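Please look over the sequence and the model before reading on.

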Amino acid sequence: MKQKVLKRSKKAALVLMVPTATFLMAGCGQEEAVQTAAFETVDQCAAFYNPEQCRADLGQALAMHTQVAPKYTDKAACETDFGVGQCETPAQAAAAAGTEQVPQQAQASSGGFFMPMMMGFLAGQMLNRSGGQLKQPVQAQPLYKSRDDRSTFRTATNTPVAKGVGPTYIKPSSVQPKPAGMVNRGGFGAQAQKRSSSASSFGG
């Protein structure tokens, strides 16, 4: 059964919000983790932060969803990574978000692909105004949950960010959104992350 966890924002304009340039870390010092938070609904977010900003962050995450969510050529492959009933087409995602408009980029490449449903959103800028300006700010963005690790919120790039709702600390460079490509079956989740980490350790 589809998990109804999001309050849909009808004003969420589906426009390209993925950064076009890659932020580079300055210097050789260790990157500092900053506070952000993961939520399923605006009400959850409003218990911690400004409700208006919470709605804006959810709207941005919904707008970004069809662009950054992992893409699969068939529903079965998607459900292998995210669970039965947890995948949708771009058109279904747009309708659930309260609009029938799908970004042109998604329309051009939506010939039968599937992607996971959005399970929550990462709060962005409002939590990163601690006096100084961050060189690499955290953007509000959609979050997902894999079939093999339902307790963890993950970004579209499979980065785990929180074990539950509420504040968390993350390194900005690890959660920079980018347009998604096609993913192979078994390419998302805790097991995929372990395989990737193992490959990186042998890569030097």
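Contact here means heavy atoms within 4.5 Å. Helices (H or I, at least four residues) and strands (E, at least two) are DSSP runs, numbered from the N terminus. The model is predicted, so local features need pLDDT of at least 70 and side-chain atom pairs pLDDT 80 or more, while totals for chains, interfaces and linings use all residues. Residues are numbered from 1 along each chain as its sequence is written, and side-chain values use heavy atoms, without hydrogens and water.

Begin with α3, which spans residues 75-82. At its start, a side-chain oxygen of Asp 74 comes to within 3.2 Å of the backbone nitrogen of Ala 76. Gly 83, with a positive phi near 105°, follows the helix. Buried residues (under 20% relative accessible area, 1.4 Å probe, protein chains only) in α3 are Ala 77, Cys 78, Glu 79, Asp 81 and Phe 82. The strands they pack against are β2 (87-88), β3 (115-116), β5 (141-146) and β6 (149-154).

Phe 82 also belongs to the largest nonpolar core, which has 28 residues. Such a core is a set of buried Ala, Val, Leu, Ile, Met, Phe, Trp, Tyr and Cys residues joined through side-chain atoms within 4.5 Å. Along with Phe 82, the residues with the most contacts inside this core are Phe 39, Met 118, Phe 121 and Tyr 144. Its largest share, six residues, comes from α2. Beyond four places in sequence, Phe 82 touches residues including Pro 70, Cys 87, Pro 116, Tyr 144 and Phe 188.

Methods:
Buried means under 20% relative accessible area, exposed over 50%, partly exposed in between (1.4 Å probe, protein chains only). A polar contact is a pair of N or O atoms within 3.5 Å; within protein, one must be able to donate a hydrogen and the other to accept it, and residues adjacent in sequence count only if both atoms are side-chain atoms.
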